[in-house]
Amino acid sequence: MTSGAVITGEQPAEVGGERTGEPATPVPITLAKALNLGLRSAMAADPKVIVMGEDVGTLGGVFRVTDGLQKEFGEARVIDTPLAESAIIGTAIGLAMRGYRPVCEIQFDGFVYPAFDQIVSQLAKLHYRSGGRIRLPVTIRIPFGGGIGAVEHHSESPEAYFCHTAGLKVVACSHPVDAHQMIQQAIRSDDPVIFLEPKRRYWEKAVVDPRPLGEVSPDGTTGLHSSAVVRAGTDATLVGYGPTVRTCLDAAEVSAADDGRSLEVVDLRSLSPLDLEPVLASVRRTGRLVVVHEAPSNVSVSAEVAARVAEQAFYSLEAPVLRVTGFDTPYPPARLEDHYLPDVDRILDAVDRSFGY
């Protein structure tokens, strides 16, 4: 998948205009709408898929990702739950044990912690504890990251907690096409999946093939746990995921225009398990690596990427692996978040430092 890549094809007319039964002109849709279409396709394909969470039904979710689903599929399959994250996940575990595929929405990243015990102590371990007899196909959707000017507990990046937990799969979409595909792939998985959605990218648009996953050609689908080069380059490698992929792409464009440098950008997409083969291949060509994410740097995804690249591609590196991350502090008040979040200037400064070695 390349920068701005889209999967197009014949689309139902209602996507691009009136219901005529004829293919419509593809119209860009937001990442949030792409998730909505993916959820709708998954629910239509399997009556055991249930969406549950706070305000997901009548309201359609805080970010309207589940808008219209309750009207289409009914209150028995799109369930407005009490404000009790532990109860949401605990109920989902019971449903999964009875053959359902629950999709739980956590309204904001900082609200997931009341459910942490259920996720880490039960959801992540029951398959292993039962010797493989119990499968828990639970998808937990979490809007994550900052950049929307929100109050406390609404701009967290909790991915490292879940990546460290054996038994959980952790993925992060960054683009409408990926969002549409990955949510369907996550729901189909027999393993519990933490599905991270970059909330400040919900309104970014691209053309998306709205067909269900099974109707899209295999060549148009990237595996759920595969990384992807989203911009080719030769001089240095930038690695990001979720909200920072767009920031890395912007930095690559500025670097090309101002410095004449060709920066390759890799979207990790899957944080656990990590697919580092595209990263290693890129580093072996460019010799330089900068890893970017919004979470603090201490004991983070970037720390794991840096360690494994140093182990497996040490002799290809022309400089140390550098990281551009949030700071090792609680997320700041909204007025200060622009200083906290990695931006183009901080990324390009790291690139300059890499070339200084």
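Predicted model: local features only at pLDDT ≥ 70, side-chain atom pairs only at ≥ 80, totals over all residues.

Student: How is the protein chain divided into domains?

Tutor: Domain bounds come from an automatic or database domain assignment. Here domain 1 covers 27-217 and domain 2 covers 228-356. Their C-alpha centres lie 26 Å apart. The contact (heavy atoms within 4.5 Å) takes 26 residues from domain 1 and 21 residues from domain 2.

Student: What is a nonpolar core?

Tutor: In soluble globular proteins, nonpolar side chains tend to be buried together. A core is a set of buried Ala, Val, Leu, Ile, Met, Phe, Trp, Tyr and Cys residues joined through side-chain atoms within 4.5 Å. Buried means under 20% relative accessible area; exposed is over 50%, and partly exposed is in between (1.4 Å probe, protein chains only).

Student: How many residues does the largest core have, and where does it lie?

Tutor: The largest nonpolar core has 45 residues, and Ile 119, Leu 268 and Val 309 have the most contacts inside it. Helix 4 (residues 85-97) gives the most to this core, with five residues. Helices (H or I, at least four residues) and strands (E, at least two) are DSSP runs, numbered from the N terminus. Domain 1 and domain 2 both give residues to this core, so the core lies between them. A second, separate core has 32 residues, including Ala 32 and Phe 73.

Student: Is Gln 70 buried or exposed?

Tutor: Gln 70 counts as buried because its relative accessibility is 14%. Gln 70 lies in helix 3 (residues 69-73). Its side chain reaches the backbone oxygen of Val 78 at 2.8 Å. That is a polar contact: a pair of N or O atoms within 3.5 Å; within protein, one must be able to donate a hydrogen and the other to accept it, and residues adjacent in sequence count only if both atoms are side-chain atoms.

Student: Which strands does strand 6 join by bridges?

Tutor: Two strands pair if DSSP finds at least two bridges between them. Four bridges link strand 6 (residues 169-172) with strand 7 (residues 193-198), and these run parallel. Val 171 has Phe 195 as its bridge partner in strand 7. Strand 6 also has two bridges to strand 12 (residues 270-272), running antiparallel.

Notes: Residues numbered from 1 in each chain as written. Heavy atoms only, no water.
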